[in-house]
Amino acid sequence: MLITLRTVEKSYPHGVGRTYVLRRLNADIKDGEFVSIMGPSGAGKSTLLHILGMHDSAWSGEYYFMDQPVHRLNPKQRSELHKKHIGFVFQSYHLLDNLTVYENLEIPLSYRNVSRKDRQSMVADILDRFQIVGKKDLYPNQLSGGQQQLVGVARAVIANPQVILADEPTGNLHSAQGKEIMELFRSLNEAGATIVQVTHSEVNASYGTRIIQLRDGWVVDD
Amino acid sequence: MLADLRQAFRTLTSSKGFSLLIVVVLAVGISANTAMFSIVNGVLLKPLPFFSADRLVSVETTTRGEPENTSYPDFVDWRAQTSSFDALAVYASTGATLTGVGEATGLEALVVSPELLSMLGVRPLRGRVFTADDDKPGAPRTAIIAESVWEAHFSRDETIIGRTITLSGDAFTVVGIMPAGFEFPFDAEDTTLVWMPVRASRFSASWAEQRNASFLHGIGRLKTGVPLATAQADLSTIAAQLATQYQRNQNRGVVVRPYRDVLVKDYRLGLIVLLSAVAAVLLIACANVANLLLARGSARRRELAVRTALGASRGRILRQLIAESVLLAAIGGLGGALLALWGIEALVRMSPLQIPRLHSVQVDRIALLFTAVISMATGVVSGLVPAFQLSRANPTESLKDGERGGSAAAGARTRQALVVAEMAISLVLLVAGGLLARSLIALQRVNPGFVTERALAMQIGLPGARYPDQDSMRRFYQRLHDEARALPGVSGAAISTTMPLSGSDIGVGFTIEGRPADPGTRTSAVYFGISPEYFSTMGIPLLRGRAFTERDAAGAPDVLIINDTFAAKYFPNEDAIGKRVTIGYNKTGPREVIGIVGGVKNGALTDTATSQMYTPFDQTPWPFLTALVRTTAAPETVAASMRAMMARLDPLESAGELKTLDQYVARSIATPRFTAFLVGGFAVFAVLLAGFGLFSVMAYAVTQRRREFGIRMALGAQPRDVRGMVVGQAVRTGAIGIVVGLTAAFAATRVLSGLLFGVGATDPTTFAGVCATLVGVLLAAAYLPARRATRVDPMSALRTE
C-alpha cells in the first residue's frame with residue numbers, strides 16, 4: 001500500500017471546545033491510483049491533501065507512507081520523505097514571481113541537492129517533455145494561466161515523485177486549459193505516477209479511477 | 001550560496017524603493033560606525049609609529065603622588081642608574097625664531113635629551129639624529145629641522161646639513177632633517193618643526209642644572225621582557241635615594257605608565273562613549289531593518305510556503321532570507337564606507353585639535369575590514385529575527401487560497417518588541433546627549449574670572465642671545481607695552497607671563513614669613529608676572545588692598561598680589577594684606593602682600609579654585625610673555641597691527657600665537673563640545689529612526705486591522721474612537737520602551753560621570769525632558785497611521801475581505 005490513513009483527525013481549539021476539520025478518517029491509496037477528493041467548501045479536502053503532502057503536522061491518528069509511519073517521524077524525516085516522493089500542484093500555480101520558468105523548474109532540484117549538471121539536464125528534459133522550451137526565460141507574469149499551471153505541473157514532476165498531489169489544479173483555468181492539464185495528469189498516471197487531486201469538478205474527477213467524498217470532515221463515500 | 005545571493009538580488013531589485021530605504025538606513029548607520037571606529041582606532045588602538053612602540057612608557061615625577069614634569073638633573077640620575085630601560089629620554093616644547101633666511105619666522109621647537117630621536121627609531125631624511133656629545137655643556141649648538149622647514153626656508157638645499165642657521169639669535173649647526181611624516185609629540189595645533197638638545201637652547205640650558213626646575217616630560221623604552229612593574233620599582237628605588245640626597249626631592253617619586261595611555265587618557269572615555277553611541281544607532285537601524293523585513297515578510301509568506309512545499313528545508317529558507325539581509329547590508333556597508341570617507345574628513349575638521357593623532361586619521365584597511373565585519377553582522381542580526389519568524393510559519397495556511405498567513409500575531413509581537421528596543425536605546429542615547437549638552441551649557445556659563453570679549457593676546461619669546469639680562473627684558477617689555485597701548489582700536493594693554501586658559505601656566509613654590517617650611521606640605525601657587533594695568537585690562541576684580549602701579553618697579557619694595565583662594569587657604573583667620581611671602585623665583589627677598597583679587601580659571605573652566613599670585617613683571621622679568629590688548633571693535637581687526645608692532649620692536653623676533661580670549665575659552669571646551677555635539681546628533685538620528693520604526697509598525701498594524709476598523713465603523717464607531725485605538729496601541733508600545741530605556745539609562749549614564757560638569761548623571765530635568773520628547777515623537781509617529789485608520793471606508797474594507 002502506498003498510503004494508509006487510520007483514524008486521522010484534525011481540529012482547532014474553539015472556545016472551550018474544539019472545531020473538527022477531519023474526523024476519524026480512514027483511507028488506503030494504492031500505487032498507481034488516480035484519486036479525486038471531492039466535497040463542498042469546508043469539508044476538509046485541502047486539509048487532507050496538505051496532511052498527505054506532509055506540510056501539516058498538527059493532526060492525530062496514523063499515516064503510513066510506503067510503510068513508513070509518518071505520524072512518528074520528526075519534521076526533518078518527514079521533509080526528506082516528502083522531498084523524495086511527493087510533488088505538489090496548486091490551484092493558484094504559486095510560481096515564484098522573481099524566477100524564470102527555467103529557475104522555477106530548477107528550484108525543487110536545488111532543494112534536493114541535485115548537482116548543477118544533473119539539474120541542467122533534468123530541466124532541459126522536462127522543458128522538452130512539456131514543450132515549453134521557448135518559455136524557459138520568461139517570468140510567470142509573462143505566461144497565461146494555462147501556461148503557468150503547465151509549469152506548475154512540470155515543477156511538481158521534475159524530481160520524478162511517486163505521488164502527485166494537486167489542489168484544484170484547474171480551478172483558475174478556463175475549460176480548454178483545464179482539459180489540457182487533466183490530460184496531462186492522465187498521461188502521468190498512465191506512466192505510473194499516483195495522483196491525488198482535490199476538485200469540485202465532476203468532469204475532472206472522471207479522469208480518475210476513484211472518488212473520496214468528504215463532508216464536514218467525515219468520509220461519506222469512497 | 002551563490003544561487004541564494006542571485007535570488008536575493010533578484011528579490012531586492014524587484015522592490016527597489018523598499019531595498020533603497022533599507023540600504024540608506026544601513027549606510028548611514030554603518031558610515032557613522034566606520035568613521036567613529038577609524039577615529040578610535042587611529043587615536044586609541046593603533047600602535048604609535050615608533051620602534052617597539054608597545055614598550056614605550058611615560059616616566060613622570062610625582063609630588064605626593066601627583067604626576068608632574070621632571071627636572072633635568074633628576075632625569076640624568078634616572079638615566080645613569082636604571083637597568084630597566086633600553087633608553088630613557090626627556091623633552092619639552094618651546095619656541096624658536098628662525099632668522100637670516102627671509103622674514104623672522106617663529107617655529108615650534110622641542111628641546112630633547114640626545115637619545116630621544118634614536119629611541120623612537122625614526123630615521124632622519126638627511127643627516128643624523130643627536131648623540132650624547134650634542135648635549136654636553138659647552139658643545140657646539142646643533143639642531144634638526146623638519147622637512148617642511150627645509151622645503152619652505154631652504155628650498156630643499158642639499159647642502160643644508162652642516163650649515164649654520166640662526167635660531168632665537170644663536171647659531172645652530174643643522175645636523176639632520178626629519179621626514180614629513182614624523183610627528184612627536186602629537187600636537188596638531190603646534191607641530192614641532194625644529195629639535196634641539198636641552199643644553200643647546202639658552203632657555204632650557206638655564207634650567208638644566210636646577211633640580212627644582214621641573215619642565216620636562218619623560219619617556220622611555222623598556223628593555224625586552226622587563227615588565228612595567230619592574231621598571232616602576234627600579235625607578236622608585238632611585239627616586240627614594242634621590243630623596244635622601246636632596247632636600248628638593250623629598251616627597252618626590254616616579255610613575256611609569258604606558259605612553260599611549262598617558263597620551264590619550266583625557267580623550268579615551270569621550271571616544272568610547274561616542275563609539276558606543278554610534279553602535280547604539282546601528283542597533284536601532286538593525287531593529288528598523290528587521291521590522292521592515294518582517295513587515296515585507298508577511299507579504300512573502302506565501303512564497304516561502306511554496307518553497308517549503310517544494311522541499312526547501314527550514315535551513316534553506318533561513319539561508320535564503322539571511323542572504324537577502326546580508327546582501328542589503330553589504331550594499332549598505334559599501335555605501336557606508338563611501339559616506340565614511342567623506343564623513344571622517346568632516347569629523348576631523350570639527351574635532352578638537354588637542355586629540356592626539358586625530359588629524360591624521362583615515363579610513364584605512366583596518367577600518368574597511370571593520371566595515372565589512374559590521375556590515376555582515378548587521379545583515380545577519382537584522383535578518384535573523386525575521387528569518388526565524390518567517391521560516392517558522394506553517395505553510396499550510398499560506399498555501400490555502402484566499403486565506404491569510406498563519407503567524408501574523410506572533411509577527412506583530414516581534415515587531416512591537418523591536419520597537420520597544422528601539423525606543424529604549426534611543427532614550428538612553430537621548431539622555432546621554434541631553435546630559436552632555438546640559439554639561440556644555442553649564443561649562444559655557446562658568447565665569448572664567450575675567451572678561452573674554454574683545455581681547456587679543458600675543459605670545460612672545462625673548463631669545464637669550466639678544467636679551468641676556470633682566471634689564472634688556474624690561475626695556476623690551478616697556479616698549480611693547482607703550483606701543484600696544486597706542487595702537488588704533490586699542491582701549492587698554494597689559495603684559496603677563498602667561499594667559500589664563502592659554503594652555504601654559506607656571507607653578508611657583510613659596511614660603512610665608514614666620515612659618516617654618518614644612519617639606520611635607522606643598523606650598524605653591526599658579527604664578528603670573530604682570531604689568532600694572534593687567535587686572536583692569538583683564539577685568540579681574542580687585543577685592544582688597546591695591547593693584548600694582550608704575551612705582552612697583554625694579555628696585556622698589558618687592559610686592560605681591562594674591563587671589564581670594566590663596567588668602568582663604570593660607571590666611572584663613574587673619575588679614576593677608578601686609579603679610580610677607582617669599583616666592584621661589586628670581587631669588588628676591590620676601591614680598592609684601594598688597595592686594596587680593598578674584599580668582600581666574602587657569603587650566604580649564606572645570607578647574608576648582610586654585611591659589612594664584614602675581615608679581616610686577618618689572619620686578620620679575622621672564623624671557624617670555626604675552627601682550628594683551630582690549631579692543632574697541634572686533635579683536636581680529638587689531639591682529640595685523642600687533643604683528644607689525646612686533647616687527648618694529650624686534651625685526652629678528654616673530655610674534656607667536658595670536659588668539660582672542662574668546663578663542664582660549666572656546667579651545668578649553670572644544671572636547672566637551674565635540675562629544676556633546678556628536679552624541680546629541682547621534683541621539684537625534686536614533687530618535688528619528690525609532691520614530692520611523694514605530695510609524696512603520698503602526699502603519700502596518702492599521703493595514704492589518706483595516707477590516708476590523710471597517711466593521712467597527714459600520715457598527716457606529718466614531719473616528720476619534722478608531723484614532724484612540726491606534727494611538728493607544730502606539731502609546732502602550734512606546735511606554736514599555738520608555739520604561740525599559742529609563743532603567744537602562746540610569747545604569748548607563750553613570751559611565752558618563754567623568755565627562756559631566758555641573759549636572760548629575762541622573763539629572764531629573766534631563767530625564768523628564770527626554771521622556772517628554774519621546775512621548776512627542778511617539779504621538780507624531782502614531783498620528784498619520786491613526787488618521788489613515790479613521791479614513792477607512794467600511795464598505796470597501798469589508799468588500800476587499
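Predicted model: local features only at pLDDT ≥ 70, side-chain atom pairs only at ≥ 80, totals over all residues.
Among contacts in chain B between residues at least 6 apart in sequence, those that join residues at least 24 apart make up 81%. The C-alpha trace of chain B spans about 105 × 60 × 55 Å along its principal axes. Chain B has 801 residues, of which 54% count as buried.

One buried position can be followed in detail. Thr615(B) lies in strand β20, residues 612-616 of chain B. Thr615(B) has a relative accessible area of 0% and is therefore buried, the limit being under 20%. Its side chain is joined to that of Tyr527(B) by a polar contact of 2.5 Å. Leaving aside neighbours within four places in sequence, the residues in contact with Thr615(B) include Tyr527(B), Phe528(B), Gly529(B) and Ile530(B). Also in contact with Thr615(B) are, among others, Phe548(B), Val559(B), Leu560(B), Ile583(B) and Arg591(B).

Charged pairs come next. Side chains of opposite charge can pair when their charged atoms come close. A search of the whole structure finds 44 salt bridges over all chains.

In chain B, the side chains of Arg257(B) and Glu60(B) meet in a salt bridge, with 2.7 Å from N to O. This pair links distant parts of the chain, 197 residues apart: Arg257(B) is in strand β11 (residues 252-258) and Glu60(B) in strand β1 (residues 56-63). Arg257(B) is partly exposed at a relative accessible area of 23%, whereas Glu60(B), at 16%, counts as buried.

A second salt bridge in chain B is formed by the side chains of Asp86(B) and Arg221(B), at 3.5 Å from N to O. Because Asp86(B) lies in strand β3 (residues 85-99) and Arg221(B) in strand β10 (residues 217-222), the pair ties together parts that are 135 residues apart in sequence. Asp86(B) is partly exposed, with a relative accessible area of 40%, while Arg221(B) counts as buried at 9% relative accessibility. Chain B also holds a network of salt bridges that links Asp74(B), Asp77(B), Arg211(B) and Arg252(B).

Chain A supplies another pair. Asp137(A) forms a salt bridge with Lys136(A), the closest N and O atoms being 3.3 Å apart. Asp137(A) is exposed, with a relative accessible area of 52%, and Lys136(A) counts as partly exposed at 29% relative accessibility.

The last topic is the interface between the two chains. The contact takes 25 residues from chain A and 22 residues from chain B. Between them the chains bury about 2,100 Å², 52% of it on carbon and sulfur atoms. Across this interface the rule finds 1 salt bridge. Glu103(A) forms a salt bridge with Arg10(B), and their closest N and O atoms are 2.6 Å apart. On the side of chain B that touches chain A, at least two residues each come from α1 (2-14), α9 (268-309) and α12 (395-399) of chain B. α9(B) gives the most to that side, with 6 residues. By class, the residues of the side of chain B that touches chain A divide into 9 charged, 7 polar and 6 nonpolar.

Key: Residues numbered from 1 in each chain as written. Chains lettered and ligands numbered in written order. Heavy atoms only, no water. Contact = heavy atoms within 4.5 Å. Buried area = accessible area lost by both parts, 1.4 Å probe. Salt bridge = Lys/Arg side-chain N within 4 Å of Asp/Glu carboxyl O. Helix = DSSP H or I, 4+ residues; strand = E, 2+ residues; numbered from the N terminus. Nonpolar A, V, L, I, M, F, W, Y, C, P; charged D, E, K, R; others polar. Buried < 20%, exposed > 50% of the residue type's maximum accessible area, 1.4 Å probe, protein only. Polar contact = N/O pair within 3.5 Å; in protein donor to acceptor, adjacent residues only side chain to side chain.
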